[in-house]
Amino acid sequence: KTINYEDVTANHWAYEYIKATSDFIDGFTNDGLSMYYPEEPIKRVDVARAIIKSIKWETKEYDKETLSNFSDIGSLSKEALACIAIAYENNILNGYGNGKFMPNANMTRAEITKTISNVYLRNELLEFEKQGINTFGWVYSGDEKVYSVSGDVIKYKIDSEGRLTTS
């Protein structure tokens with residue numbers, strides 16, 4: 001697999017990472033040139049798109065009412081809207097509590113850290129669901145991982161072979 005960005009040569013320190021993620025982190029076209037802008041900050045809409053595409057969630061399946069939570073996303077592409085809705089529905093990315101998603105805002109290190117943690121947690125919950133454990137109403141709480149707030153408290157850990165187990 002090769003990538004063809006004018007601003008990313010094979011000797012760029014991030015070349016292999018950019019190549020590895022090229023299926024879900026898109027570049028840009030600027031004056032007919034294919035660009036990646038590797039030194040630029042990333043926008044919230046691009047993070048939403050990258051995460052949903054990397055997880056390979058179907059972007060046709062989301063609640064369109066979710067988008068009514070945000071007043072500042074109307075000019076985005078259908079794909080971007082779907083990715084924002086799915087990320088929001090799965091508690092991966094949130095808005096700012098004022099009816100705004102701020103899709104073109106750059107993400108801070110704290111925001112990207114929270115977002116990655118939310119993806120990790122969501123993947124763990126999906127593993128429980130595959131085992132037939134209902135995770136509706138679960139919340140993340142520090143070192144104790146996940147608790148059920150609708151019934152018995154359930155603590156879990158990942159064993160040495162990478163399996164989710166309750167304790």
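Which side chain meets that of Lys19 in a salt bridge? In this predicted model, the partner is Glu16, at 3.5 Å from N to O. Lys19 and Glu16 are three residues apart in helix H1 (residues 15–20), and therefore separated by about one helical turn. Lys19 is partly exposed, with a relative accessible area of 21%, and Glu16 is also partly exposed, at 48%.

The structure holds five salt bridges. Among them are these:

| Pair | N to O distance |
|---|---|
| Lys19 and Glu16 | 3.5 Å |
| Arg49 and Asp46 | 3.1 Å |
| Lys53 and Glu79 | 3.8 Å |

Arg49 and Asp46 both lie in helix H2, three residues apart, and both are buried. Glu79 lies in helix H3 and Lys53 in helix H2, so this pair ties together parts that are 26 residues apart in sequence. Glu79 counts as partly exposed at 33% relative accessibility, as does Lys53 at 24%. Salt bridges with shared partners join Asp26, Asp46, Arg49, Lys53 and Glu79 into one network.

Helices H2 and H3 (residues 78–89) pack at an angle of about 75 degrees, their axes being 8 Å apart. H2 and H3 are therefore roughly perpendicular to each other. On the H2 side the contact is made by Val45, Ala48, Arg49, Ile52 and Lys53; on the H3 side, the residues include Glu79, Cys83 and Ile84.

Arg44, also in H2 (residues 44–55), is buried yet has no salt bridge; Glu111, the nearest side chain of opposite charge, is 4.0 Å away. The Arg44 side chain does reach the backbone oxygen of Phe101 at 2.7 Å and that of Met102 at 3.4 Å.

Methods
Residues numbered from 1 in each chain as written. Predicted model: local features only at pLDDT ≥ 70, side-chain atom pairs only at ≥ 80, totals over all residues. Heavy atoms only, no water. Helix = DSSP H or I, 4+ residues; strand = E, 2+ residues; numbered from the N terminus. Buried < 20%, exposed > 50% of the residue type's maximum accessible area, 1.4 Å probe, protein only. Lys, Arg positive; Asp, Glu negative; His and termini not counted. Polar contact = N/O pair within 3.5 Å; in protein donor to acceptor, adjacent residues only side chain to side chain. Axes fitted to C-alpha atoms, helices over the stretch in contact; angles between N-to-C directions. Parallel < 35°, antiparallel > 145°, perpendicular 65-115°, else oblique. Contact = heavy atoms within 4.5 Å.
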